[in-house]
Amino acid sequence: MYTAKGTLNANLLLKQHSPLVRRLAHQMIAKLPANVELDDLIQVGMIGLTDALARFDISQGVQFETFATQRIRGAMLDELRGTDWLSRGTRRQQREIEDAVRKAEQKLGRAPTESEVAQQMGIALAEYQDMLTKVRGTQLVYLEDIGGHSEERDDFLDRHVVDDADNPSALLQDHRMRSALVEAIKALPEREAYVMSMYYEHDMNLKEIAAVLKVTESRVCQLHSQAIARLRVKLREH
């Protein structure tokens, strides 16, 4: 790993630790929405690895891989935060929808219809559906969920992305999260469940889904946003 002059061999270390970049990218992408590209994360991670090489100081007594992991993950998170396109207003509307879904569900003891959620919000059904269309593309995990904002609140990736794949605590936590998500999807209204299955399992686009359901693409967006709101409510309870 060192040159004849006793300095770090940058090219050798880049080649040796590129699998680390890919592993971190795969771990992170599993918790992110489908619009995030794996190759983009890997590219940014390699920049983080290069930065780690430039900044590493062996006299600090830290292993290079440990130091590099922090720099790589940090570079990826910085990139994700920089490309988080949902506006604060849109995010606020999504939170309002989730809050109304939760309250309506508690009152009714079942999954509320769109009309019932709209009634809970005190708005007309058409206005509520317009809100669902505006928050199209919203995701199960927000970047604000990923980055902790206080010392009391754990970072999402600290809780759900670990380097040690054999960590029993992490495996158990991941199993519980997956089980909670499966149960939440099973509880979705039939048409919303179809949308989620076609979009995420069968990789169908909005136009294809709309053709199957015989509705407009806009309506598919609404159903998708409604389903995501329900799932986020369930996962937050988890």
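Of the 238 residues in the protein, 40% are buried, a term that stands for a relative accessible area under 20%, whereas exposed stands for over 50% and partly exposed for the range in between (1.4 Å probe, protein chains only). The structure is a predicted model, in which local features need pLDDT of at least 70 and side-chain atom pairs count only at pLDDT 80 or more, while totals for chains, interfaces and linings use all residues. Residues are numbered from 1 along each chain as its sequence is written, and side-chain values use heavy atoms, with hydrogens and water left out.

The protein contains twelve helices and zero strands, where helices (H or I, at least four residues) and strands (E, at least two) are DSSP runs numbered from the N terminus. Its pattern, read along the sequence, is accordingly written as α-α-α-α-α-α-α-α-α-α-α-α. With contact taken as heavy atoms within 4.5 Å, 64% of the contacts between residues at least 6 apart in sequence join residues at least 24 apart. The accessible surface comes to about 13900 Å², and 50% of this surface belongs to carbon and sulfur atoms; such areas come from the Shrake-Rupley method with a 1.4 Å probe, and for residues only the protein chains shown count as cover.

Charged side chains are considered next. Side chains of opposite charge can pair when their charged atoms come close. A search of the whole structure finds 13 salt bridges, each being a side-chain nitrogen of Lys or Arg within 4 Å of a carboxyl oxygen of Asp or Glu. One of them joins the side chains of Glu105 and Lys234, with 2.9 Å from N to O. Because Glu105 lies in helix H4 (residues 88-108) and Lys234 in helix H12 (residues 217-237), this pair ties together parts that are 129 residues apart in sequence. Glu105 counts as buried, at 16% relative accessibility, whereas Lys234 is partly exposed, with a relative accessible area of 29%.

A salt bridge is also found between the side chains of Asp130 and Lys134, with an N to O distance of 3.5 Å. These two residues are four residues apart in helix H6 (residues 125-134), so about one helical turn separates Asp130 from Lys134. Asp130 is partly exposed at 39% relative accessibility, and Lys134 is partly exposed with a relative accessible area of 49%. The side chains of Glu116 and Arg110 meet in a further salt bridge of 2.7 Å, N to O, in which Arg110 counts as partly exposed at 38% relative accessibility.

When residues up to four places away in sequence are not counted, Gln226 touches Val101, Glu114, Tyr128, Leu132 and Glu192.

A pair of aromatic rings is described by the distance of the centres and the angle of the planes. The structure holds two aromatic pairs, where rings of Phe, Tyr and Trp (its six-membered ring) pair if their centres lie within 6.5 Å, and planes under 30 degrees apart count as stacked, over 60 as edge-to-face and the rest as tilted. Phe56 and Phe64 form an edge-to-face pair, with 5.2 Å centre to centre and 85 degrees between the planes, and both Phe56 and Phe64 are buried. Phe56 and Phe67 form a tilted pair, at 5.7 Å centre to centre and 50 degrees between the planes. In this second pair, Phe56 lies in the loop between helix H2 (38-55) and helix H3 (64-82), while Phe67 lies in helix H3, eleven residues apart; both Phe56 and Phe67 are buried.

In helix H11 (residues 206-213), the residues Leu206, Ile209, Ala210 and Leu213 are buried. They cover an arc of only 100 degrees around the axis, which puts them on the same side of H11; the arc is that of the directions from the helix axis to the C-beta atoms. Lys207 and Ala211 are exposed residues on the face of H11 turned away from its buried side. At the N-terminal end, H11 is capped by Asn205, a side-chain oxygen of which lies 3.2 Å from the backbone nitrogen of Lys207. Just after H11, Lys214 takes a positive phi of about 60 degrees.

Definitions and conventions. A polar contact is a pair of N or O atoms within 3.5 Å; within protein, one must be able to donate a hydrogen and the other to accept it, and residues adjacent in sequence count only if both atoms are side-chain atoms.
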